[in-house]
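Dear colleague,

My notes on what was found in it follow directly after.

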Amino acid sequence: MKSIADIMAIREAMQSQIILRDNADAEKETHIIVGMGTCGINAGARTVFNALVDEIETRELKGVRVTRTGCMGDCAEEPLVEVRIPGKDVVKYANVDAQKAVEIIEKHIVGGTVCAEYLAKA
Amino acid sequence: MYRTHILVCGGTGCHSNNSGKIREAFEEQIKQRNLQDDVLVVGTGCFGLCAVGPIIIIYPEGAFYSQITVDDVPEIIEEHIVKGRLVERLLYHEKALGNKAVKSLSDTNFYKKQTRVALRNCGIINPEKIDEYIARDGYQALIKCLTEYDPQQVIDIVKASGLRGRGGAGFPTGVKWQFAKNQNNDTKYVCCNADEGDPGAFMDRSVLEGDPHAVLEAMTIAGYAIGSHQGYIYVRAEYPIAVERLKIAIAQSREYGLLGDNILGTGFKFDIEIKLGSGAFVCGEETALMTSIEGHRGEPRPRPPFPAVKGLFGKPTILNNVETYANITQIILNGPEWFAAMGTEKSKGTKVFALGGKIVNTGLVEIPMGTTLREIVEDIGGGIPNGKKFKAAQTGGPSGGCIPAEHLDIPIDYDNLISIGSMMGSGGMIVMDEDNCMVDIAKFFLEFTVDESCGKCTPCRIGNRRLLEYLDKITCGQATMQDLDDMEQLCYYIKSNSLCGLGQTAPNPVLSTLRYFRDEYEAHIKEHRCPAHVCKRLVRFNITDACKGCSACARKCPVGAISGEIKSKFNIDQDKCVKCGQCIATCRFGAIVKE
């Protein structure tokens, strides 16, 4: 037997799970794309991907979607992370690691300032 | 925390195409690769595009894979899940875009024109997990009603929304609830009609399979509004998956205290029981349905008294269709103005249609009222296959009628459909092309109603049988023009004298085809000819001069009706011919024609 507060708590806890399946506002959302070809995975893209998702979850950010893609071309620069904020230029970061990923979320996604020192050269 | 959700459709269509095995294969592969903490496999309800099932969707990308087999699973895991590359080969290919691969479901023409209210959770949540329903605002409407509104306010909201019954007749739902509330009685009942019986209709099944809690929640709200403590869902036993998921949903709701003696500690008491129907079409009629729940043979009784006054077990009862209930929670949460903003002047909101027949995208669609038939058939439905021409769409099942091509641009709502001689019905929509004979279609639906007539009243039991005999006579080319007039008279007689909705609407398919395709009837009678070449007794197979005398057809003919000499024209003995069409399929020169 649950109380109204219990139902509200379940809703809160489950929403972060199920939000992944809501594609309706995809065009208005921020997309972070991680290159996960063989090159990317070898260079540590999986750790970066997980760090991004974890940080978004800890900060309870809404409307940010992390997806994977295949090889992004500059294999030597992997892991590559692309940030697409609607209405702004696409930003590409190179040689990202878990710690840089957290910083990108903090400064770029939340703060709105591009982390210039991590930008890809090309 | 899962990074990826793999949604596998578990509706009846995909399920019978092995989607259960596909889900198991994904689960197994994911375990093998040690990804079970990253990837969640979810069995869902119907996505709607049943024609290309089994369907899976992978989020967050929203990638839409169609016609998947168990053998495709390793490739999807390896490419999509591990390497992040879409498997182009398995993506849905949109015919309208020159067979281009479409990445996500929401990008398809099939989905773009849809508005999902009743189907909002179908294909998104796991119907067997109450927590996923709660995450999508489930049970918020009930909480709002129990804590913020008194029963009259709930009814006022439903009234203001303009919601009308989705079972077919279109009676205003709020008014129905008000009648029941006004009755002074300690015992009242809330019933749900899930006895979906129209040939080709599967809207209610899909809602029950994909989002059972939406129906339970709405019934509980209805119970609160009219002052009832017991609900019944009357569902056909032929819907095993729907029944199973309803049972699971009811058990979960009871466990969470969303059904029972003291719902969420508010003191409100309500419970729901499932009653299985045995597939009698007449039990979808409200009085017959209630008679059946009471344990008697499912026969209708005269109204009044209406169920809201004297219904189940002689107590005030409301009976709504599954889809009607599926709209209630959204009306409460988003407000009646939101709902009333969709649709036409007298028909608000959306309507779910089960699209079938001669159409590319067979499946389930939900459109705002007022969408035209053309948009449904051409844009959402993807048009008629094999380059054939649209002839008519049949709505309302055996109670409805045909809409011909001249009315393709009419906005669909309750009143417009009635004015052109059809009806909304529960939402079956069968598309017909030039190869369908309209007399034959009328005969098909009438055969159904003759079979399903309960036999209680004479106009329906005997009248419809006589009507069918007229149609038989016409399709055999033995009828006269006098028969056609007599038949039309009989239609009106049956309509005005039958006891219940079944008989009152049974002649509708005949009347509407007569109205729009009278020339076809006359061709059968006057010229002994079936223009669509369907009615076997009126079709002749002939061999033309294009015949090379190869004898392939003669060897194939099962009754030995074809004879001739090699290298000269063959002939068909019309007395022996059984019109099976094997010869046409065999001939390599197109020398055999149907006339």
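In what order do the elements of chain A run from the N terminus on? The order is α-β-α-α-β-β-β-α, and chain A accordingly holds four helices and four strands. Please bear in mind throughout that this is a predicted model.

Chain A

The C-alpha trace of chain A spans about 55 × 30 × 25 Å along its principal axes. Of the 122 residues in this chain, 35% are buried. When contacts in chain A between residues at least 6 apart in sequence are considered, 67% of them join residues at least 24 apart.

With strand S2 of chain A (residues 64-69), S1(A) pairs in the parallel sense, over six bridges. With strand S3 of chain A (residues 81-84), S1(A) runs antiparallel, and four bridges join the two.

The contact between the chains

How many residues of chain B are in contact with chain A? There are 26 of them, and they meet 25 residues of chain A. On the chain B side, the elements that contribute two or more residues are strand S1 (4-9) and helix H5 (130-135) of chain B. H5(B) provides the largest share of that side, with four residues. Sorted by class, the side of chain B that touches chain A consists of twelve nonpolar, seven polar and seven charged residues.

Chain B is divided into domain 1 (4-112), domain 2 (130-339), domain 3 (350-433), domain 4 (438-526) and domain 5 (540-594). Taken over C-alpha atoms, the centres of domain 4 and domain 5 of chain B are separated by 36 Å.

One sheet of chain B may be of interest to you. This open sheet is formed by four strands in the order S9-S8-S7-S10, with parallel pairing. Strand S9 (271-277) and strand S10 (317-321) of chain B are the edge strands, each pairing on one side only. On average, and with direction ignored, neighbouring strands of the sheet are turned by 20° against each other. Five bridges connect strand S7 of chain B (residues 189-194) with S10(B) in the parallel sense. Within S10(B), B:Asn320 is the bridge partner of B:Cys192. Helix H11 of chain B (residues 240-255) lies across strand S8 (230-236) and S9 of chain B, and its direction is at about 165° to S9(B).

A buried methionine

Why does B:Met487 count as buried? The residue counts as buried because it has 22 C-beta neighbours inside 10 Å, where 20 or more are required. B:Met487 is found in helix H19 of chain B (residues 481-497). Leaving aside neighbours within four places in sequence, B:Met487 is in contact with B:Leu467 and B:Tyr470. B:Val510 is 23 residues away from B:Met487 along the chain, and 9.2 Å separate the C-alpha atoms of the two.

With kind regards

How values were computed:
Residues numbered from 1 in each chain as written. Chains lettered and ligands numbered in written order. Predicted model: local features only at pLDDT ≥ 70, side-chain atom pairs only at ≥ 80, totals over all residues. Contact = placed C-beta atoms within 7 Å. Nonpolar A, V, L, I, M, F, W, Y, C, P; charged D, E, K, R; others polar. Buried ≥ 20, exposed ≤ 12 C-beta atoms within 10 Å, placed from the backbone. Pairing = 2+ DSSP bridges. Domains from an automatic or database assignment. Axes fitted to C-alpha atoms, helices over the stretch in contact; angles between N-to-C directions.
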